[in-house]
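I opened my notebook for a friendly walk through this one. Here is what I looked up, entry by entry.

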Amino acid sequence: MPVIVSVPTLLRSYTQESKRVEVQGTTVREVVDDLERRYPGIRSRLMDAQQLHRFVNLYLNDEDIRFLDNLDTVVADRDELTILPAVAGGAR
């Protein structure tokens, strides 16, 4: 089933500069696997082994997957997955 993934500017070099890509999967993990198959190298920017990097946030239809079933969260046809790199820093 197709899932729409919103890609941040930082990762668009992997997706031929596309802001949104359509991939397949029934779980977030499968979606990430299909992203890697279509856009080699992107998984290592999102994950370390089998877990998300702590500085990467994934939102499924505006819900943080860490508060759902993480990478095992089930996705439905035409769901939207948003990749958001965490922002750090600020004034001292």
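**Entry 1: a cut-off to begin with.** I call a residue buried when its relative accessible area is under 20%, exposed when that value is over 50%, and partly exposed in between. Asp34 has a relative accessible area of 7%, so I filed Asp34 as buried.

**Entry 2: confidence.** I kept in mind that this is a predicted model. I looked up the mean pLDDT of the protein and found 93, with 95% of the residues reaching 70 or more. Confidence is lowest in strand β3 (residues 47-48), where the mean is 92, and highest in β2, at 98.

**Entry 3: the sheet.** In which order do the strands of the open sheet lie? I read β2-β1-β7-β5-β6, five strands with mixed pairing. The edge strands are β2 and β6, each of which pairs on one side only. I then followed α1, which packs on the sheet and touches β1, β2, β5 and β7. The direction of α1 makes about 115° with that of β2.

**Entry 4: the buried side of α1.** Which residues of α1 are buried? My list is Val28, Val31, Val32, Asp34 and Leu35. They cover an arc of only 160° around the axis, which puts them on the same side of α1. I checked what these buried residues pack against and noted β1, β2, α2, β3, β5 and β7.

**Entry 5: strand β5 and its partners.** I found β5 mostly covered, with four of its five residues buried. On one pairing, β5 runs antiparallel to β7, and five bridges join the two. As an example I picked Tyr59, whose bridge partner in β7 is Thr82. I also looked up the pairing of β5 with β6, which is antiparallel too and has two bridges. There, Leu60 has Glu63 in β6 as its bridge partner.

**Entry 6: the hairpin turn.** β5 and β6 form a hairpin, and two residues sit between them. Asn61 is in that turn, in the loop between β5 (56-60) and β6 (63-64). I stopped at its backbone: Asn61 has a positive phi of about 50° although it is not a glycine. Most residues other than glycine have a negative phi, so I gave this a line of its own. Asn61 is partly exposed, at a relative accessible area of 40%.

**Entry 7: another positive phi.** I turned to Gln16, where phi is near 55°, again a positive value in a residue other than glycine. Gln16 is found in the loop between β1 (2-6) and β2 (20-24). Is Gln16 buried or exposed? With a relative accessible area of 61%, Gln16 is exposed.

**Entry 8: salt bridges.** How many salt bridges does a search of the whole structure find? I got six, and I wrote up some of them below.

- I looked at Glu22 and Arg78, which form a salt bridge with their closest N and O atoms 2.8 Å apart. Glu22 lies in strand β2 and Arg78 in the loop between β6 and β7 (80-85), so the pair ties together parts that are 56 residues apart in sequence. Glu22 is partly exposed at 37%, and Arg78 counts as partly exposed at 45%.
- I then checked Arg43 and Asp33, a salt bridge in which the closest N and O atoms are 3.2 Å apart. This pair links helix α2 (residues 42-46), where Arg43 sits, with helix α1 (residues 28-38), where Asp33 sits, and the two residues are 10 apart. I noted Arg43 as partly exposed at 29% and Asp33 as partly exposed at 36%.
- My next pair was Arg37 and Asp34, whose side chains meet in a salt bridge at 2.7 Å, N to O. Both lie in helix α1, three residues apart, about one turn of the helix.

Key: Residues are numbered from 1 along each chain as its sequence is written. This is a predicted model: local features need pLDDT of at least 70, side-chain atom pairs count only at pLDDT 80 or more; totals for chains, interfaces and linings use all residues. Side-chain values use heavy atoms; hydrogens and water are left out. Buried means under 20% relative accessible area, exposed over 50%, partly exposed in between (1.4 Å probe, protein chains only). A salt bridge is a side-chain nitrogen of Lys or Arg within 4 Å of a carboxyl oxygen of Asp or Glu. Two strands pair if DSSP finds at least two bridges between them. pLDDT is the predictor's confidence in each residue, from 0 to 100. The arc is that of the directions from the helix axis to the C-beta atoms. Contact means heavy atoms within 4.5 Å. Axes are lines fitted to C-alpha atoms, for helices over the stretch in contact, and angles run from 0 to 180 degrees between N-to-C directions.
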